[in-house]
Each structure stands twice: as C-alpha cells, then as structure tokens.
Amino acid sequence: MLAAKLTSRLTLNVLRRIHHGTHYSCVYSLSNCLLHTTKGGRTRDGPHSDSSVSRVFYGHGAIRPSLRLHETQHYGRRSFSLSAATIVNSAPAAVQPYLRLMRLDKPIGTWLLYIPCTWSIALASDPGNLPHLGMLTLFGTGALLMRGAGCTINDMWDRDFDKKVSRTATRPIAAGEISRMQALVFLGGQLSLALGVLLCLNYYSIALGAASLSLVVTYPLMKRITYWPQFVLGLTFNWGALLGWAAVKGSCDWSVCLPLYFSGVMWTLIYDTIYAHQDKEDDVKVGVKSTALRFQGQTKTWLSGFTVAMMSGLIAVGINAEQTLPYYAVLSTVAIHLTHQIYTLDINNPDDCWKKFASNRNLGLLLFLGIVAGNLWKERQETLLQNEEEVR
C-alpha cells in the first residue's frame, strides 16, 4: 500500500514537471527506477543467481528473463509486458517448484537449444519459401520440454553440489521442496510429452532424435571428469542442427548438416566458456571442471580459434546449401559481433561476462534471419535468370 502511494505521488510530481517543460525521458527513467525498487516489481535475475554446476541446457543460474514486467504511465495510459518469471510466480504455490525445476522462469537456455533447430529448418526450406511454421512450432515445444527434462536430470545428479553453494541451495530439489522420487515422476512426464512431439516426425527423425537422449543424461556428469563439459554441452545442444533438416527432408544432407552441427558446437564453446568465467571460484569450491578453468588467461586465444572454426563451418554450409548474398552479409555481421565480443571481454568481470553471453541469443536469431533472407533471394535470382533468357 505504501509503495503504491509513493508511486502515484512521484508520478504525479513528474507529470507536473512535464507540464512545465521537463523532457519526457524523466518519466521513463522514473518508471524504471520505481519498477526495480517497488515491492513485487523486480523480476531481474542477477549474473550470480546460480552456480555453473549447471550450464545453459540445465538452467544457467544467471538467466535473466528475456521479458520483464513493465508498467509505465503517461497521461493516464498503461502498458504491460509479461516476463517468464512473472508467469511462474503467478502460478499456484504447489506448481511453482516444478516450473522452477524445469527453469521455465529462465528461458534463455531454451532459446539456445531451439535456435540451431531453426537454422536447420530454414536451410531445408524450398528456394523462395519461408520456413515451415508448423515445424518451427513443433521444435519450439520440443526444446522447451527437453530443456526442462535436462534441468531436472541435472538437479537430481547435483543435489549435494547445489547444497554447498548459496546461489543453488534454493533450487527445488536441493531445498527439499521436491523429493527425488517426485522429480523422477516429473521427469517421466516431461520425457513422455517430448516423445509425443518426436513421434510427430518421420521415422528417420524419430531414430535420430532418440539417439540424443544418451547425451542429455550423461552431460551433467562430464563436469566431474573433464575440463571440457562445454564441448559435450555443444554436442547436446546442437543436435537440432541435424534433426531440423531431417524433419523437413526425410533424411540428412551431411554436406550441409555436419558443418552446421560443427559450427553450432563451436558457438556453444564460445558462449558457455564466457558464461563459465562468472563461476570460476564456485567451480573450484565444489570441485567441478570447466573450459574457463582450463583456458584461464588464454581464454581469448581459444575463443578466437573457435570463432574461426565456426565461421569456416558456416561458409561451408552456405556453399553446399547454395545460399545467396543476404546469408553472407549476415555472416559478416556475425563475425564482427563475435570479434568485438571476444576483444572487449573481461573474464574477471561477471557482469561483462553475462552481457557477452546473453548477446548470443540475438546473434543466433540474426543468423536465422540471414538464412531465411538468403533462401528468399534464391527465387529472385531464378526470376532474373529467366527474364534474361526470355530477352535473349
């Protein structure tokens, strides 16, 4: 009640200033300030809300919801945007622990799992056509379910680790909100729904999708035995680069799918190594390994190598898929972004690591748009060639 009164009083004062000539930006700044200081208005997850005991696929602790709850008032009008965290917090109390277990309130992991699927689906589309909307929807649903299943598996494996780190001690299993048996039943439900999605595809895709389950189950163990868990994460996370094409075409064209898969793995090594640098101290404390601990001061050199490998793979994809000018123009933008990302990276600044990591979602979506535009350009090229032939 007190916060509401303060909000209305301060907003009224600013509106009075606007009436006397104060710039509109004051309202914007004030509304943001009130949003993050008023009770119940804060939905932003900081870069240290979880340990690297679980990475992107299994619930990056530093996940900031891609949408925030905003309420701004200007001349009596209000606009709202709803965040994933707000949706989870609005659910019944008995359901919330399960939604948090599958990281529904932290959607960036789902995005990074889904994006390689979109690349593959778009590349498999016929020249001049947009990607199949039904396939994009189906794979989006599958990504949500499989990411949730991966988070559940991870938390079941890492219950004892999570209890030792303050940022992960509040996870549902570690905190005792959900028992291991309840988590196991919930996992069975998620996998059953994911199987239902998979069965909507052709037989080739069903077999290919089922083959990825071993990676999903074993990835959480990798950080105990190797300094390269990010590589295994890359193998897991980018399986959609193979599956998307197979779902559209009925089988894989390995000249396109393999370099796309390879590029996706290199991309995961880039962004998840950057993320891992946020949690170096916690990794050492709980006794888990990461590429951040492996590379240390040579991180930028390694990331530069991964970037060269990723871009080389994407060029091979473009050549073999007969991509056009828009695709290569976007590749240039992607290369510039990654170069700037690595050059300006401060591996000892968690906030900077978070910003660099989070920017990769937009980078992935940009590449998707480049593939779509390149595919549409093919029809234009064919039309121009036909016109030239008619003129001759």
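Tutor: A salt bridge here is a side-chain nitrogen of Lys or Arg within 4 Å of a carboxyl oxygen of Asp or Glu. The model is predicted: local features need pLDDT of at least 70, side-chain atom pairs count only at pLDDT 80 or more, and totals for chains, interfaces and linings use all residues. Residues are numbered from 1 along each chain as its sequence is written, and side-chain values use heavy atoms, with hydrogens and water left out.

Student: How many salt bridges does the structure hold?

Tutor: Five. One of them pairs Lys249 with Asp126, and the closest N and O atoms are 3.8 Å apart.

Student: Where do Lys249 and Asp126 lie?

Tutor: Lys249 is in helix α12 (residues 240-249) and Asp126 is in the loop between α5 and α6, so the bridge ties together parts that are 123 residues apart in sequence. Helices are DSSP runs of H or I with at least four residues, strands are runs of E with at least two, and both are numbered from the N terminus.

Student: What does Asp155 pair with?

Tutor: Arg103, with the closest N and O atoms 2.9 Å apart. That pair links distant parts of the chain: Asp155 sits in helix α6, Arg103 in the loop between α4 and α5, 52 residues apart. Asp155 is buried at 1% relative accessible area. Arg103 is buried as well, at 2%.

Student: What about the backbone of Arg103? What is its phi?

Tutor: Near 55°, a positive value in a residue other than glycine. Gln296 also has a positive phi, about 50°, and is not a glycine. Gln296 is in the loop between α15 (291-295) and α16 (299-320). Its relative accessibility is 39%, so Gln296 counts as partly exposed.

Student: Back to bridges. How far apart are the closest N and O atoms of Lys356 and Asp352?

Tutor: 2.6 Å. Both residues lie in helix α18 (residues 350-391), four residues apart, about one turn of the helix. An α-helix has 3.6 residues a turn, so residues three or four places apart point the same way. Lys356 is buried at 11%, and Asp352 is buried at 14%. Elsewhere, salt bridges that share partners join Arg103, Asp155 and Arg171 into one network.

Student: New topic. Where does α5 bend?

Tutor: At Tyr114, by about 25°, and a proline, Pro116, follows within four residues. The bend is the angle between axes fitted to the seven residues ending there and the seven starting there.

Student: Why is α5 said to be largely enclosed?

Tutor: Because 15 of its 16 residues are buried.

Student: And which residues does UniProt list as transmembrane region?

Tutor: The unreviewed UniProt entry lists 178-197, 228-248, 260-278 and 299-319. UniProt positions follow the numbering used here, feature names are shortened, and annotations may be inferred rather than shown by experiment.

Notes: Buried means under 20% relative accessible area, exposed over 50%, partly exposed in between (1.4 Å probe, protein chains only).
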